Every structure is written in structure tokens, then in C-alpha cells.
Amino acid sequence: MEQVSAWKSHGGMQGVYTHQSAQTGTPMTFSVFVPDHTPGAKLPVLWYLSGLTCTHANVTEKGEFRAACAEVGIVFVAPDTSPRGDDVPDDEGYDFGKGAGFYVDATQELWARNFRMRSYIEHELPALVAGNFPVDLDRQGITGHSMGGHGALTIALRNPGRFRSVSAFSPIVAPLECPWGEKALGGYLGPDRTAWREYDACALIADGARVPELLVDQGDADSFLEVQLKTDLLVRATQDAGISATIRMQPGYDHSYYFISTFMAEHVKWHAARMKI
């Protein structure tokens with residue numbers, strides 16, 4: 001692991017790091033904010049997964065999370081959304097290939113070598129972070145935006161007990177039912193839709209997966225709401241399953257980081273309360 005940059009912020013350190021990933025076969029870059037803390041202390045960690053076209057930089061520069069993380073003592077980790085490099089296959093569209101890993105382990109021949117973001121996020125990156133930063137993996141939370149919200153929900157649902165808290169901003173809740181999901185899951189996993197279900201939050205819930213509770217914020221002026229995000233399907237799924245879910249439609253907000261940054265501190269503190277800080 002190599003440090004790319006580091007800045008003092010809110011009493012802590014905001015760093016960007018790169019390493020050679022065994023899962024993707026490429027260099028991967030991620031950012032970590034470590035708040036000021038007592039030497040030797042292990043801190044809770046909040047994972048943030050970004051959306052289509054994004055890298056670690058979007059939330060690092062626009063997310064406005066550091067003041068809240070410094071206040072409650074949480075490490076904030078933001079990985080990239082896909083493998084990168086000249087030898088990595090890509091697609092002409094913004095919604096597939098580089099910048100659009102969808103947090104899956106691809107099985108189709110062209111994509112399977114590099115597009116292993118599920119294994120990278122679920123296994124490789126946590127081990128790397130735990131070995132290099134003062135984090136307590138018994139106190140983890142996960143959140144994300146759009147495609148990253150999809151990633152946060154599905155990773156938490158597939159790994160019961162790993163995360164003490166789960167939230168999302170404008171998540172893609174039912175990839176089996178939207179154009180983004182059909183393109184990504186079909187392209188990475190092939191035509192068998194039964195294989196897609198483990199990457200669909202609503203399908204996972206229908207199949208019996210559970211988390212203790214959820215916090216979701218969604219802007220009602222989001223241009224992707226009706227066709228791609230389909231928040232109403234998550235409302236119905238959580239109600240049918242008896243999952244405690246606070247799903248809030250925020251008037252006038254869109255899909256941008258102006259929206260995310262407005263509610264980020266509240267999400268950080270919500271996670272902090274559930275990680276018993």
C-alpha cells in the first residue's frame with residue numbers, strides 16, 4: 001500500500017492510498033479519514049460506496065463527512081467503483097464497465113478477470129484497511145449512493161451480523177427491475193436472472209435476507225427516481241419482511257452531492273449511535 005496524499009482536516013488525517021489488488025488484478029485507489037484519537041485506540045469504521053461514474057474522490061471532496069466523523073470518532077473509508085487501467089475492458093456507456101462495477105463478481109468471460117468488486121469490498125479491502133489503520137472490524141457500518149447504495153444494501157443483506165448499521169442515499173433497490181440493473185447484471189453475470197438475485201436488495205429480502213434496520217434518504221426531485229431507483233419497491237419489501245426501515249423522501253432534492261452532503265452528517269451520527277460510540 002502506498003500513500004498518494006494526506007491532509008490534516010478537523011483534527012484528523014484525510015489520506016488517499018493505492019495498492020495492487022489481487023481480486024481485480026489492477027491498482028486500486030481508496031481514501032481514508034482517520035479522526036484524532038488516543039494512541040492505540042481502535043475506532044469504528046464506516047464504509048461508503050460511490051455511484052456510477054464516480055471514484056473515491058467524489059465523496060472525499062464533496063461529501064462533507066469529516067466534521068461529523070471527527071465529532072463521533074469514526075474512520076471513513078471510500079473505495080473506487082471499479083478496476084481501472086488500459087488493459088481493463090470497458091463499454092461506451094457510462095453505466096457499464098469502468099466506473100460501473102456494480103459491486104458484483106462478474107462471471108462472463110470478458111469481465112470476469114478484473115470486475116470482482118464484490119470480493120474486493122467484502123474481503124480484500126477490509127483486510128488491508130484493518131492491517132494499516134486503527135479500525136475495529138467488530139464495529140462496522142456501511143452506506144453508499146445510487147449504485148453504491150445498491151452495493152451497501154446487498155453487501156449487508158448477504159453478510160448478516162457483519163455490519164451494525166446500514167444506510168443509503170438514493171439507492172438502486174431493485175436492479176432486476178430497472179435499465180441500469182438489467183444492463184449491468186446481464187452483462188457481468190449473463191442471461192440467467194436467478195443469478196442476479198443476490199445482487200438485488202428487494203430480491204434478497206424476498207428470499208429471506210434480513211438486516212435489523214435501515215436508513216434511506218431519497219430526493220423527490222431526483223430525475224432517476226421513477227425509472228431507475230424505484231424506492232417504493234424497497235418500502236414494500238421492508239414492510240412485507242417486517243424490517244425496521246426509515247425511508248425518507250426529501251422534498252426538492254435531486255441525485256447530486258448537494259443532496260448527499262445535506263444529510264451526510266445525520267447519517268454518520270445515526271451509524272455512530274448504532275456502533276455504540
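Let's start with Phe224. Phe224 is partly exposed, at 28% relative accessible area. The scale runs like this: buried is under 20% relative accessible area, exposed is over 50%, and partly exposed is in between, with a 1.4 Å probe and protein chains only.

A word on the source. This is a predicted model, where local features need pLDDT of at least 70, side-chain atom pairs count only at pLDDT 80 or more, and totals for chains, interfaces and linings use all residues. Residues are numbered from 1 along each chain as its sequence is written, and side-chain values use heavy atoms, with hydrogens and water left out.

Now the rings. Rings of Phe, Tyr and Trp (its six-membered ring) pair if their centres lie within 6.5 Å; planes under 30 degrees apart are stacked, over 60 edge-to-face, and the rest tilted. That rule gives 15 aromatic pairs. One of them is Trp180 with Phe224, tilted, at 4.8 Å centre to centre and 45 degrees between the planes. The two residues are 44 apart in the chain: Trp180 sits in helix 6 (residues 179–189), Phe224 in the loop between strand 8 (213–219) and helix 8 (225–229). Helices (H or I, at least four residues) and strands (E, at least two) are DSSP runs, numbered from the N terminus. Trp180 is buried, at 3%.

There is also a cluster. Phe33, Tyr48, Phe65 and Phe76 form one aromatic cluster. Arg66 lies over the face of Phe65, 4.8 Å from the ring centre. For that, CZ of Arg or NZ of Lys must be within 6 Å of the ring centre and within 35 degrees of the ring normal.

Gln14 belongs to strand 2 (residues 12–20). Buried or exposed? Gln14 is buried, at 2%. A polar atom of its side chain also lies 3.3 Å from the backbone oxygen of Val32.

Next, strand 4, residues 43–49. All 7 of its 7 residues are buried, so strand 4 is largely enclosed by the rest of the structure. Strands pair if DSSP finds at least two bridges between them. Strand 4 runs parallel to strand 6 (residues 135–144), with 6 bridges. There, Tyr48 partners Thr143. Strand 4 also pairs with strand 5 (residues 75–79), again parallel, over 3 bridges.

Terms used:
A polar contact is a pair of N or O atoms within 3.5 Å; within protein, one must be able to donate a hydrogen and the other to accept it, and residues adjacent in sequence count only if both atoms are side-chain atoms.
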